[in-house]
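Please open the structure in a viewer and keep the selection tool at hand.

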Amino acid sequence: MAVMGKAKEAGLPLMKLVKLRGMPILQQLHLEERLLRTSSDNWCLINDGTNSPAIVMGLSGKLSELVEAKPVLRDCIPIIRRFTGGGTVVVDHDTIFVTLICNKDAVPNVQPFPRSIMSWSGLLYSEVFEGLADFHLRENDYVFGDRKFGGNAQSITKNRWIHHTSFLWNYEVKNMCYLKLPAKAPQYRLTRSHMDFICRMKEYLPRSEFIERTIKALGSQFSVKSISLESIDFSSVSEYVHTTKLLTEQEIQETCTIQT
Amino acid sequence: MALRMWASSTANALKLSSASRPHLHPPFSFSRCLSTVLDGLKYAESHEWVKHEGSVATIGITDHAQDHLGEVVYVELPESGRAVSKNSGFGAVESVKATSDINSPISGEIVEVNKKLTETPGLVNSSPYEDGWMIKVKPSDPSELESLLGPKEYTKFCEEEDASH
């Protein structure tokens, strides 16, 4: 196990870092939800790409309004309803996921409410991208200039919260055909199509550098300790029922019928 | 927020109270934290309120909570008949990009759920203490109410919480 950051002498709270590559997004979300609900530690999960494409909706997302069901069924793309709020994304091996799970007392200057957590995250990533790009937190998105490259979502419990981000390292244009233009969009989007609204992180910095810079930025607030996925002990946790669900083919088929 | 500050200072200057404004029901007081805190209710530090009337207690989230959450777009509530436990979650609200747990300040059995929140979740923002109520509970241990905060204590709690961040 490696201890990173300058935290020991500063007495910063411990944050366990788990670096993953290619973990299926459903498995990642199940892991996150379980850690949020059953662990008392602070966590950073970094999944460097998921193994195959998937569509991930927020908790209250309405399938018929967010997804083009016909191409989804044609191409057998799984759709997942996650436990956090927020919008709909298409994820694949070119998406980098960074998840932060914190006890509210570990970040004492941040109130456990959405705007406060979002603002704090914006400061963190400002440090990550300092000197590299025109980074901003714009409404609730991470942008370079006015183009989105990172989407955020949160879940807040009594004493803990999770803030997770899907970063668009790269994307395939054809994957955008699975998503409808959402009825509720951030104001800064104006009427732009997906292609004019988003941008690729790969045009700004190497993949490994982004991950290293993120870990370094976390090290200024936490004592970051790298651990393996296999070392996470869930043996003391009783049966846990996930909110995150994979939608059934029947549900998607019914939506396709509505949309036709 | 600026409008609330004007209203609060004006009310204080006029020394308005629930007694001189009988048309306002239930009675309420302006607080220095700029969110409304009602008299006659009990409050949890997790920002839920309880109104105990006879054998039923009504539960919702406070004005402070709805203000800090932002626009509520979805409310997930359990079915009637389910048990709730003090300090445990019974549902969730979604606002902006976040789902936030709603915790029950008391233990008991849910006897009614506010179905209006399915179609009109914004009631939590516009009327957190009235039309935005969430569940009605038959308390299993009414003494639990005694450990909750009164209006002044809750107001102070909110002020201290906001000031420390």
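Two residues are in contact when heavy atoms lie within 4.5 Å. The model is predicted.

Select B:Lys97 to begin. UniProt, in an unreviewed entry, places the feature "modified residue: N6-lipoyllysine" at this residue. B:Lys97 sits in the loop between β8 (89–95) and β9 (98–103) of chain B. Is B:Lys97 buried or exposed? Its relative accessible area is 16%, and because buried means under 20%, B:Lys97 counts as buried.

Next, display the chain A residues that B:Lys97 touches. Among them are A:Gly85, A:Gly86, A:Gly87, A:Met118, A:Asn140 and A:Asp141; A:Asn152, A:Ala153 and A:Gln154 are also touched by B:Lys97.

Now widen the selection to the whole interface. Chain A and chain B each bring 26 residues to the contact. Between them the chains bury about 2000 Å², 51% of it on carbon and sulfur atoms. Within chain A, select A:Gln111, A:Phe113 and A:Lys158, which lose the most area to chain B and together make up 29% of what that side buries.

On the side of chain A that touches chain B, α5 and β10 each give two or more residues; β10(A) supplies the largest share, 5 residues.

Finally, turn to the largest nonpolar core, which has 36 residues. Select A:Tyr125, A:Phe129 and A:Phe149, which are among those with the most contacts inside this core. Apart from it lies another core of 25 residues, including B:Val84, B:Phe90, B:Ile102 and B:Met134.

Definitions and conventions:
Residues are numbered from 1 along each chain as its sequence is written. Chains are lettered from A and ligands numbered from 1 in the order in which they are written. This is a predicted model: local features need pLDDT of at least 70, side-chain atom pairs count only at pLDDT 80 or more; totals for chains, interfaces and linings use all residues. Side-chain values use heavy atoms; hydrogens and water are left out. UniProt positions are given in the numbering used here, feature names are shortened, and annotations may be inferred rather than shown by experiment. Helices (H or I, at least four residues) and strands (E, at least two) are DSSP runs, numbered from the N terminus. Buried means under 20% relative accessible area, exposed over 50%, partly exposed in between (1.4 Å probe, protein chains only). A nonpolar core is a set of buried Ala, Val, Leu, Ile, Met, Phe, Trp, Tyr and Cys residues joined through side-chain atoms within 4.5 Å. Buried area is the accessible area (1.4 Å probe) that two parts lose on being put together, summed over both. Lists of a residue's contacts leave out its neighbours within four places in sequence.
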